[in-house]
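Dear colleague,

Please find the structure below, together with its sequence. A short account of the findings comes after it.

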Amino acid sequence: METSDNATEAPDEAPVPTGIAAQDWATASAEPQYRAAVVDLLGALAYGELAAFERLAEDAKLAPTLGDKAALAKMASAEFHHFEQITDRLTAVEEAPTRAMEPFAKPLDDFHRQTAPSDWLEGLVKAYVGDSIASDFYREIAARLDSDTRSLVISVLDDTGHGNFAVEKVRAAIEADPRVGGRLALWARRLMGEALSQAQRVVADRDALSTMLVGGVADGFDLAEVGRMFSRITEAHTKRMAALGLAA
């Protein structure tokens, strides 16, 4: 899954973890609701990585050159490795990966069906915009997780290289034909709206996750902070659009 590709600058000093964020998994998971929230989070992340692998493999078929095809195949392989890391972790904590992923399969499949790209460039923009929004969301939550889970989540959000690849290809296409920019900007705005709506629906449907977000477990966000979180995600999206050479 993509990182934010330097869309937002890291703070000079990370805050010192407190509460559950200062605990390891063995300690934190003694709270059943927290454990359920983390299993949900890992299930959603695992299915997202599996879907990213499938999507990149499909996008490779649309690649205009053999070099582009090989580059996307390599990125797809990296996404599958991330998927394996998460499912291995679920197995290690005695949770069935398929059961953890199941609640998120239909919502994510629906999102990808509703936002199926019509060509190679739309596929690049979708992966860059959609995956980066998801990564921002998971990073926000990861800051409040136990140290073991936080480390895993951050590691699987490592950039597979797709962000820079997409920026290079999209900017080159716009330079060759400026009319492409308008179409892709509209497409990216649609993706932003669909991605945020889908994230909000998934959280609302999962009690443990929603409780964690609003402060019930894991030193979660309060309602005001949830709003600020989505504002930060929107701001990062605007910066990515600029990197692509598109209007937000």
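The notes that follow cover the overall fold, one leucine and a group of aromatic rings.

This is a predicted model, in which local features need pLDDT of at least 70, side-chain atom pairs count only at pLDDT 80 or more, and totals for chains, interfaces and linings use all residues. Residues are numbered from 1 along each chain as its sequence is written, and side-chain values use heavy atoms, with hydrogens and water left out.

The protein has 10 helices and zero strands (DSSP runs, numbered from the N terminus: H or I of at least four residues for helices, E of at least two for strands). Of its 248 residues, 50% are buried (under 20% relative accessible area, with exposed over 50% and partly exposed in between; 1.4 Å probe, protein chains only).

Leu72 belongs to helix H3 (residues 66–92) and is buried, at 0% relative accessibility. Beyond residues up to four places away in sequence, Leu72 touches Leu56, Asp59, Ala60, Trp120, His162 and Phe165 (contact: heavy atoms within 4.5 Å).

The structure also contains six aromatic pairs (ring centres of Phe, Tyr or the six-membered ring of Trp within 6.5 Å; planes under 30 degrees apart are stacked, over 60 edge-to-face, the rest tilted). The Phe53 and Phe80 rings are tilted, because their planes stand at 55°, with centres 5.1 Å apart. Since Phe53 lies in helix H2 (residues 32–62) and Phe80 in helix H3, this pair ties together parts 27 residues apart in sequence. Phe80 also forms a tilted pair with Phe83, at 5.4 Å and 40°. Phe83 is buried at 12% relative accessibility, whereas Phe80 is partly exposed at 28%.

Yours sincerely
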